[in-house]
Each structure stands twice: as structure tokens, then as C-alpha cells.
Amino acid sequence: MSKKSFRQAVNEALRDEMRRDSRVILMGEDIAGGMGAAGEQDAWGGPLGVTKGLMPEFGRERVLDTPISESAFIGAAVGAAATGLRPVADLMFIDFMGVCFDQILNQAAKLRYMFGGKATVPVVIRTMFGAGFRAASQHSQGLYPLFAHVPGLKVVVPSSPYEAKGLMTQAIRDDDPVIFCEHKAMYDDQEDVPDEPYAIPFGEANVTREGDDVTIVAIGRMVKFANEVADKLGKQGISCTVIDPRTISPLDRNTIIDSVEETGRLVVVDEASPRCGMAADIAALVAQDAFKALKAPVRMVTPPHTPVPFSAALEDIYIPGVPRIEAAVRAVAGQA
Amino acid sequence: MELNREQLLAAYHQMRTIREFEERVHREFSSGSIPGFVHLYAGEEACAVGVCMNLSAKDYIASTHRGHGHCIAKGCDVKAMMKEIFGRKGGLCGGKGGSMHIADMSKGMMGANGIVGGGPPLICGAALTAKTLKTGGVAVAFVGDGGFNQGTTLESMNLAAVWKLPAIFVLEDNGYAESTASSWSISGEPVKRAAGFGIPGEQVNGHDFFAVYEAARKAISRTREGGGPSFLHFKVSRYFGHFEGDATTYRGAGEVDKVRAERDCLTLFRKRVEGAGLLKADQLDTIDKEVAALIDAAVAEAKAAPEPSAEDLLTDVYASY
């Protein structure tokens, strides 16, 4: 056990699984860097350094830099997965799904079903998402609900370094296509992370705070903010349960419903857009299956339905933060 | 390279099987027995068979909308294929794929594809697996003249060249992408387009089995031996519409009849082997009868097969969930 950043945690999971299984390969744009160039090899290790050091250990045969051709290499990862490898492809920013979505939506997700169960596609697509980097509208979105909408895909949104390592290990060992969404503003977050490999099962939520008055379901980076609110309001007489679903597909329905049955109040916090997103999905689930337990209307805390703005002044308002979560919790608790 | 008698008989058997299969699917569709969207391969048999005779079980192919011929040429079970196209239990994909997604990974057939240009990226992956695991295998992407203008195909040709993959790109240019002529939609010469990626290629008469076989043999050997990706451009014709139900009013008067009369791949094959004394007409007639009986049986079994059950709707989405 030692302090590790989110970046190191993901790197370790990739490294450990590559050591364990020679079928695990990585591919993506600049995941080593310097391919074909005269200068430093492994110059980048991905744009934010997450895969740094893996090419020197495993070689260019297993850490493949690609041309900027997302359709070709994401599709190649899918085809390689269907024929015997276990590729981890790096779709640099989640916004770039737009240029290769067919290979994810129509090929990766559906091969198994269309072929009557006679295909297995153990591919992981790593991708960065999230606002807070002043990276503007095409490098900042939280588009993971679009993947969760597609049957055949599994979607992981880790909330901390510990979670990231265990969930990445599971993603690589999993036999289905997994979209692994890493919040770019979390790479330098640190916490104690075991040195040895471990896998966190999919579809099992993590309850990070336990309380009787309000259930907060938060996704990805929002878990940290929700915990902060729970700790603060706990001292003021509002005790909160915080649930981190870890995977939004599969979604741990039971942990959410059971908690709302106890508290009768729900706040859902998500960084994705409000329409047809995870917050709306979870709110609908609770309205359908735990309506009688509800003592107050469900509240969704999300960004407004806008693209992510560039200006720091605007982006800071865009991101759901502690004050808005706190206000929502107070509102459902009747202490607004 | 000379083909021996067994190989020639096998080639004719496969081409005849594809023709009979497609002609029969055409009739069954017209009578309302087959649901959905169906795209037939009749007329192009020499392409699939000439290429796939150079492949083995460890090699993969990815197909197009027009996938029945590639399935048969790669060794898929014809009766299970017919059941699949009828949407029945016991179909090659359990009735869940249908004509547009027909596949059998155990035969190295990675599927017909409902997305034009969907296959080439997958083939880069299959070729990467062969290269990484050193299986000695190759992977072949069949694309139509429509798919040849998709970015996925062009990106894949570049990626295959950059990664030096054992991949072969086969353009089946049947003259029409849906209703649009390839003479209009493809700018420049396809072989030169491939050359632009550093991929050697050849244009071949796709009606001539022997020309296809020989060009494919050279290209696949070159790629299999580590020479990097290869390209083939087959000029060919389809006998039916883009989809079943297409009135094909965009085609010239008498165009298909002329091809059937003058350039039919089965007729050309018979002329060649009979003329050279390699095979006798009665040997080929026997194959015609065997194949007709096989397809009759396949249709009868497909019609008699049960529909999938309601539980089948929910299976095969995930390995675990």
C-alpha cells in the first residue's frame, strides 16, 4: 500500500495485466509517442502521461502508436479482441467518439448478439472526459451516458485512484467491451492504493458515506464533492448516504433502491448533460421502483444543457460543485 | 499455379452453390417467405471463391452487405445459413443476425456488415492478432465500390500499411453502390489509390475465376510472407438489385442479360475446363444436381425450423452482466 495518483493507478493496472497476460496490448495516438521521430521514444506516454513507461517495458509490438485515425484503430482493437487479443485502445478524449462511433456502437457492442453469442469481444476503450481544464467544448464533455444507452457495452466511471486501479484490472479481464472513462481533472488526485493487483467487480456500487436522511448518488469526480457535502451536513444534522455506482452499465439498481427505501430522499449528481443522462435515468428508476418511499421530489444536480464553455468564469459555473449539491440536499431535506 | 481436378471441382461446386443459393433466396423473398433486407451476390461468385480458395481456417475475412457468397466460400454451413436468412432457430447466428449480419467466427467469417465500410477496421484487428500471435494467418477485407469511398476503408488501408499488417483489401466493384455508378463515385483509379498508401494492387476481371484465383494467390502469398498489405480490384457485375425489391431502373436496358450471356463466371469456367479437357460436362452437371438438391433441402429445413423463443431475445448481449 502506498500513496498513488489516479494516473499511477491506471498505469499500474495496465502494467500488471500486461505482465500477467501476453494477449493484452495497448494502442492509441501517442500512447508511447515519438514513433518514427528522431528524438525521444516514449516521449509522451499519452497526452497526460498515463501510459508512460509501458512501451520501454513491453516494446512497440505491444504498445502500438497509431496514426490519427480513430475509426481504423478503434475498429482494429475490436477486430483484434474478436480474434484472440485483449486490446486496450486509447480514445484520447471522449469527444472524439464522434469520429469512430460506428466501430463502437455498431461493431463492438453488437457482434456478440448479431452472431448468436458466437463472438467474444474483450476490448477496453480508455477515454478522458470532464470539464475543469479550460479545454472548451470539444475536449471537455461528459458523454458516457451515450455509451450506457447502447446494449452490449459496459461503462465504467471511476471516482478515485483506488477505484481506478481495481476497475481497470476488471475491465481488462472482462470478456465484454468496456468503455473506461477517466476524468482528466483527477489524474493528480492521490490516495492509498495497494501495490498488488486487485479487481473490483462491475455492477456493485460503493457506499462511501452512510446516513439516514438523504441518499446522494454521484458519478465519477462528483463522488468527491458529494462526500464533502455529506461530511459538512452531517455536522449540521442532515445525515447522508453517498453511493458511487462505479459502473453505470451495469448499474447497481438494488443498492440505490434499498437506500432510498431507507432515506426517502434522493439527490443525483452527474457531470453529464441533464437530458437523457445518468441523473435522469437514476431518477426515473427510483420514481418507478421506490415511489412510495419518497418523502420529497428527486433532485438532479447536473450542468445546464449547454456545451462546455471555454471561459474560466463560465466553466466554473457549468460544473456541478459543492454549493449546488449542498443546496439540493438541503432542499430535499426540507431545510432550504 | 495449376489447379488440380479436385480443386477445380471444389471451385465449381462452391460457385454453383452460391448461385443456386442466391437464385433460390431471390425466389423465396419474392414469395414473401423471407423477411427484412436481403442483398444478393449472384454474378460475383468467382470473386469470393477465387479469393477464399487461397485461405485456410486460420485466416479471417470481413464481408459487405452482400455476404452470402463470402460465407459459402469461407466454408459456412449452407443449411444453417438458410435458416439464419429465414430468421429461424438453428440459424448460423440463432436468427439474431439475419442476412446483413451473417457470420461464423469459427470459420474465420467475421460477418456481413450492415454498415458500408464497417469491415476494414475489424480486418486490421484480425491481421494484428495474426501478426502479434504469429499464427501465420492473413485477414481479408472485402469492400464494395460504395465502401471503397468510406473513410474507414481509407484509414484502414493506411493503418495496415503503417503497421505492416498481413491484410488484403479486396474491392468488389460491381458497378453500382446502391443505384450510383462506381464510374462516377470513385475518383481516380482504385489501384493508384492503393498505391498512394504504398500498397501494391492489381485490377482483375472479376468474372474470370482463373484470373481472380491467380491474382489472389499472388497477393495473399506476398502478404502472408510478410510483404505487408495487398490490394485487388475486381471489375464485376451483380445480377440482382442492390436489395431484393430494387427495380434496378438505373441500369441500362439489357445490361444484365448481356453480362449473363457473355460474361457469366460459371459459363466461362465450364467453357475453360471442358475446352481444356480438365473436367467433363457430366461431372459438372452432377455437381449442378447435387447443389440443387442441397439448396432444396436447406430451404425445406429452414421453413420447417422453429422460430426463436422469447427467451432468446435476452441472451447473447453480454458474456456476463
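## Contact between chains A and B

In this predicted model, chain B puts 37 residues into the contact and chain A puts in 36 residues. On the side of chain B that touches chain A, the elements giving two or more residues are α5 (119-133) and α6 (151-162) of chain B. The largest share comes from α5(B), with ten residues. The residues on this side of chain B divide by class as follows.

## A:Thr66

Where does A:Thr66 lie? A:Thr66 is in the loop between β3 (63-65) and α3 (70-82) of chain A. A:Thr66 counts as buried because it has 23 C-beta neighbours inside 10 Å, and the cut-off for buried is 20 or more. Beyond its neighbours within four places in sequence, A:Thr66 contacts A:Met27, A:Gly28, A:Glu29, A:Phe73 and B:Leu159. A:Ile31 is 35 residues apart from A:Thr66 along the chain, with 8.5 Å between their C-alpha atoms.

## Helix α11 of chain B

Helix α11 of chain B spans residues 265-275. Its buried residues are B:Cys265, B:Leu266, B:Phe269 and B:Val273. These lie on the same side of α11(B) because they cover an arc of only 95° around the axis. B:Lys271 and B:Gly275 are exposed on the other side of α11(B). The cover over the buried residues of α11(B) includes α1 (5-30), α2 (45-52) and α9 (209-227) of chain B. Just after α11(B), B:Gly277 has a positive phi of about 70°.

How values were computed:
Residues are numbered from 1 along each chain as its sequence is written. Chains are lettered from A and ligands numbered from 1 in the order in which they are written. This is a predicted model: local features need pLDDT of at least 70, side-chain atom pairs count only at pLDDT 80 or more; totals for chains, interfaces and linings use all residues. Two residues are in contact if their C-beta atoms, placed from the backbone, lie within 7 Å. Helices (H or I, at least four residues) and strands (E, at least two) are DSSP runs, numbered from the N terminus. Ala, Val, Leu, Ile, Met, Phe, Trp, Tyr, Cys and Pro count as nonpolar, Asp, Glu, Lys and Arg as charged, and the others, Gly among them, as polar. A residue is buried if 20 or more other C-beta atoms lie within 10 Å of its own, exposed if 12 or fewer, and partly exposed in between; C-beta atoms are placed from the backbone. The arc is that of the directions from the helix axis to the C-beta atoms.
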